Amino acid sequence: MTERNLNELSDEELILEFQKNSTIRAFEILVQRYKNPLVNYVFRFLGDYEACMDIVQETMIKVFRNKDSYKSIAKFSTWIYTIAGNLARTEYQRRRRRSIFSLNAYGEDEETFEIPDESYRPDQLADSGIKDEIIQKALLKISPVYRDMVVLRDIQELSYEEIAEITGVNVGTVKSRINRGRAQLQKLLKNIYKE
Amino acid sequence: MHENGDNMMFKEITRTLGSLQKLKAPSDFEANLMRKINSLSEERTLTFIERFLSPSRLIPSTALAAAAVIILFMFNLQTEDSENPLMTDPRVREDFILADEVALKTESGLAAQRNGSDSSNLLSGDLTRVRNEDLFINKTGLNFRQIYLTEGEKEQLYKLKQKIKSLWNGPAVK
């Protein structure tokens, strides 16, 4: 199969090509397509670029080594996001165990006791870099269960059904968790909206 | 891809999150990834060979096997030498077995005599042969006190024996 033909294939066709004929080029095209979305997803969840790069690389290695475990009944994007999400959550829990003290408690129903960050002046907020930093900090303060879904929905722009499949919960739960996460974020980012 | 049913209450926050800068993977991402994949596959073949050939694995496993053989050998030797006295039958002396057989035959002979059947052959033939050959136990080497009789005492004892014999065998022997 030529390079042009491979580029025209869908994700599912590419992984099938990789499964059947071990075409490395098919795998490389998949890596090209998914590296940036996964970097964004994992970084917004963990907030650490170095760790994020390791996790995305590990995700790709898992895809390479376990290519035969992919079943064509599922979307490839769902499969690869599930792998990355699991790795990111494991890393988050590992870090959480290490940390001695944290104001935020892990868990869906537990309250957060975070204080809105008011250290930035309104003129500074005009700078998009600083604004991004504030939003990222706020994201890291909300419960990881909500954060995962908010990132998948509002940053990765996946459908509720896809998120439900990736996280393994039903669509209703996904919707309610996303709204709770958004509410927590809104509370934390009220200074940005005052502007 | 956003669905139309998004909650209007969070319109602002969804817009803010959507406007976040998109991060990019470094330019050498693919190169690093392929290098890692290649090194992992090499590592896998190395461990396969190492499992059987590397001295770090071979020496301890050989030592362990040798120790196991030595322990087994020692255990086997011990089991051959030692006997559990509770599990083995006691040794039986042959002369006791013969004495038992004679007693059995004597009892059956007497019973037959009482019944009046013709079993005199058994008593006079077999039994006397058994008495003469087997009943007398060789006393040499046995650790008990031996009494040496004088000629007069022997004669007296012989007479007594004959008397007992005549009483024992009854009128048939006479």
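Where in chain A is Glu157(A) found? Glu157(A) sits in the loop between H8 and H9 of chain A. This is a predicted model: local features need pLDDT of at least 70, side-chain atom pairs count only at pLDDT 80 or more, and totals for chains, interfaces and linings use all residues. Residues are numbered from 1 along each chain as its sequence is written, while chains are lettered from A and ligands numbered from 1 in the order in which they are written.

**The two chains**

- Chain A has eleven helices and zero strands. Helices (H or I, at least four residues) and strands (E, at least two) are DSSP runs, numbered from the N terminus.
- Along the sequence, chain A reads α-α-α-α-α-α-α-α-α-α-α.
- Chain B has six helices and zero strands, in the pattern α-α-α-α-α-α.
- Of the 195 residues in chain A, 35% are buried. Of the 174 residues in chain B, 4% are buried.
- A residue is buried if 20 or more other C-beta atoms lie within 10 Å of its own, exposed if 12 or fewer, and partly exposed in between; these C-beta atoms are placed from the backbone.
- Take the contacts in chain A between residues at least 6 apart in sequence: 62% of them join residues at least 24 apart. Two residues are in contact if their C-beta atoms, placed from the backbone, lie within 7 Å.

**The nonpolar core**

- The largest nonpolar core has 53 residues. Such a core is a set of buried Ala, Val, Leu, Ile, Met, Phe, Trp, Tyr and Cys residues joined through C-beta atoms within 7 Å.
- Residues with the most contacts inside this core include Tyr41(A), Val42(A) and Ile80(A).
- Helix H3 (residues 24–46) of chain A gives the largest share of this core, twelve residues.
- This core lies between domain 1 (1–101) and domain 2 (105–195) of chain A, because both give residues to it. The domain bounds come from an automatic or database domain assignment.
- Beyond its neighbours within four places in sequence, Ile80(A) contacts Tyr34(A), Thr59(A) and Val63(A).

**Helix H8 and its partners**

- H3(A) and H8(A) pack with their axes 9 Å apart, at an angle of about 140°. Axes are lines fitted to C-alpha atoms, for helices over the stretch in contact, and angles run from 0 to 180 degrees between N-to-C directions.
- H3(A) and H8(A) make a right-handed crossing. A crossing is right-handed if the near helix is turned clockwise from the far one by less than a right angle, and left-handed if anticlockwise.
- In this contact, Asn40(A), Tyr41(A), Arg44(A) and Phe45(A) of H3(A) meet residues of H8(A), among them Asp148(A) and Leu152(A).
- The residues of the contact of H3(A) with H8(A) are five nonpolar, one polar and three charged. Ala, Val, Leu, Ile, Met, Phe, Trp, Tyr, Cys and Pro count as nonpolar, Asp, Glu, Lys and Arg as charged, and the others, Gly among them, as polar.
- H8 (residues 144–155) and H9 (residues 160–167) of chain A have axes that come within 10 Å and cross at roughly 140°. The crossing of H8(A) and H9(A) is right-handed.
- Asp148(A), Met149(A), Leu152(A) and Arg153(A) in H8(A) face Ile163(A), Ile166(A) and Thr167(A) in H9(A) as contacts.
- The contact of H8(A) with H9(A) has four nonpolar, one polar and two charged residues.

**Where the chains touch**

- The contact takes 28 residues from chain A and 24 residues from chain B.
- On the side of chain B that touches chain A, H2(B) gives the most, with seven residues.
- That side of chain B has eleven nonpolar, seven polar and six charged residues.
- Asp154(A) lies in helix H8 of chain A. Asp154(A) counts as buried because 25 C-beta neighbours lie inside 10 Å.
- Not counting residues up to four places away in sequence, Asp154(A) touches Thr14(B), Leu17(B) and Gly18(B).

**Two loop residues**

- Phi of Glu157(A) is near 60°, a positive value in a residue other than glycine. Glu157(A) is partly exposed because it has 14 other C-beta atoms within 10 Å.
- Ser22(A) lies in the loop between helix H2 (11–21) and H3 of chain A. Phi of Ser22(A) is near 50°, also a positive value in a residue other than glycine.
- Ser22(A) has 10 other C-beta atoms within 10 Å, so Ser22(A) is exposed.
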